[in-house]
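Keep the viewer open as you read.

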Amino acid sequence: MTGQKTGNGDGRLAGSIVVITGASSGIGAEMARQFVSRNAYVIVTARNLAKLQELARELGEQCEYAVLDVTSMEEIEQCVGSIIGQHGRIDVWINNAGHGMFEAFTDASLERIDDMMNVNYMGTVRCTKAVLPHMLKSGRGQIVNIASLAGKIGSAKGSGYSASKHAVLGFTNSLRQEVAEAGVIVTAINPGPIDTPFFNHADPTGHYVNNIKWMMLKPEKVAAKIVQAVIRGKKEVDMPLLPALGAKLVQLFPRLMDGWAGKLVNKK
């Protein structure tokens with residue numbers, strides 16, 4: 001880690017200690033920028049040291065970095081312990097690390113499916129397991145889990161990724177009930193497709209992106225919604241509006257996916 005906390009500024013986030021996993025690019029990096037712009041002190045984590053260093057240089061004295069692999073409980077515990085030791089607390093922990101691969105289940109290897117579950121779901125579980133006791137002890141804090149609308153609507157060629165995000169949502173909703181009276185807020189963020197490097201791996205052919213480019217979210221907009229969710233202590237955010245409404249409709253009437261709704265969603 002590097003950097004020193006300054007913690008002066010105005011607004012509800014000023015001086016808050018915010019930790020973001022998977023922050024080397026995409027919405028993770030954009031969240032870091034927006035939290036720092038509101039005078040929060042941000043610790044960005046990811047596996048890519050060079051990108052973390054570049055982001056920390058950009059953000060200056062209100063940011064530090066820590067190399068972190070969310071598949072390693074040992075690394076997570078060391079990271080959390082170091083942050084608590086240096087700053088005394090963690091106000092907001094954002095479980096953003098994740099990746100996906102869109103392919104038919106018959107073509108998907110068990111290794112790829114297992115890896116998505118290990119990073120997207122178990123990474124969230126491991127980090128929460130490490131940070132939650134500190135928040136419970138202090139009687140305050142917020143855990144933000146970046147799930148997905150894919151965790152509410154399953155679609156063709158998304159079985160592995162969708163399953164991992166369904167798991168994140170189930171975990172988030174259950175944990176929220178457990179800590180409801182303890183002063184800790186648990187938030188689920190469910191975005192639709194976002195225009196980030198995520199799709200370089202998830203959709204290397206570009207077929208899916210070409211089909212849904214009209215509805216892809218900009219990272220800046222998603223990050224702004226997440227920052228507002230932290231400020232307001234919101235429990236869940238779905239975006240964008242049209243797919244979010246569609247997800248609610250499909251949850252009420254699941255058989256819609258057998259007809260026109262399935263045709264709209266299955267663009268991979």
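Before anything else, a word on exposure: a residue is called buried under 20% relative accessible area, exposed over 50%, and partly exposed in between, using a 1.4 Å probe and protein chains only. The areas themselves come from the Shrake-Rupley method with that 1.4 Å probe, and for residues only the protein chains shown count as cover. What you're looking at is a predicted model, where local features need pLDDT of at least 70, side-chain atom pairs count only at pLDDT 80 or more, and totals for chains, interfaces and linings use all residues. Numbering runs from 1 along each chain as its sequence is written, and side-chain values use heavy atoms, with hydrogens and water left out.

Start at Lys 221, which has 48% relative accessibility and therefore counts as partly exposed. You'll find Lys 221 in helix H8, residues 219-232. Helices here are DSSP runs of H or I with at least four residues, strands are E runs of at least two, and both are numbered from the N terminus. Together with Lys 225, Arg 232 and Lys 234, Lys 221 forms a positive surface patch. Lys and Arg count as positive, Asp and Glu as negative, while His and the chain ends are not counted. Each charge is placed at NZ of Lys, CZ of Arg, CG of Asp or CD of Glu.

Now for charges that do find a partner. Side chains of opposite charge can pair when their charged atoms come close. The cut-off used for a salt bridge is a side-chain nitrogen of Lys or Arg within 4 Å of a carboxyl oxygen of Asp or Glu. By that test the whole structure has 7 salt bridges.

One of them links the side chains of Glu 30 and Arg 33, at 3.4 Å from N to O. Both residues sit in helix H1 (residues 26-37), 3 residues apart, which is about one turn of the helix. Glu 30 is buried, at a relative accessible area of 13%, whereas Arg 33 is partly exposed at 30%. Arg 33 also meets the side chain of Glu 58 in a salt bridge, this time at 2.7 Å, N to O. Glu 58 belongs to helix H2 (residues 49-59) and Arg 33 to helix H1, so this pair ties together parts that are 25 residues apart in sequence. Glu 58 itself is partly exposed, with 46% relative accessibility.

Elsewhere, Asp 91 makes a salt bridge with Arg 89, with 2.9 Å between the closest N and O atoms. Asp 91 is buried at 6% relative accessible area, and Arg 89 is partly exposed at 30%. Back at Arg 33, shared partners join Glu 30, Arg 33 and Glu 58 into one salt-bridge network.

What about disulfides, and how many does the structure hold? The count is 0, where a disulfide would be a pair of cysteine sulfur atoms within 2.5 Å. Take Cys 79: the closest cysteine sulfur, in Cys 127, is 8.0 Å away, so the two are too far apart for a bond. Cys 79 is buried at 6% relative accessibility, and Cys 127 is buried at 0%.

On to the backbone. Most residues other than glycine have a negative phi. Asn 39, though, has a phi near 70 degrees. Asn 39 lies in the loop between H1 and strand S2 (41-46) and is partly exposed at 22%. Lys 157 is another non-glycine with a positive phi, about 65 degrees. Its loop runs between strand S5 (141-146) and helix H5 (159-178), and Lys 157 is partly exposed at 40%.

That loop between S5 and H5 also holds Leu 149, which is buried at 8%. Leu 149 and Pro 193 are 44 residues apart in sequence, yet their C-alpha atoms are 8.6 Å apart in space. Finally, look at Gly 60, in the loop between H2 and strand S3 (63-67).

Notes. Patch = residues over 30% accessible without salt bridge, like charges linked within 9 Å, V, L, I, M, F, W, Y side chains within 5 Å.
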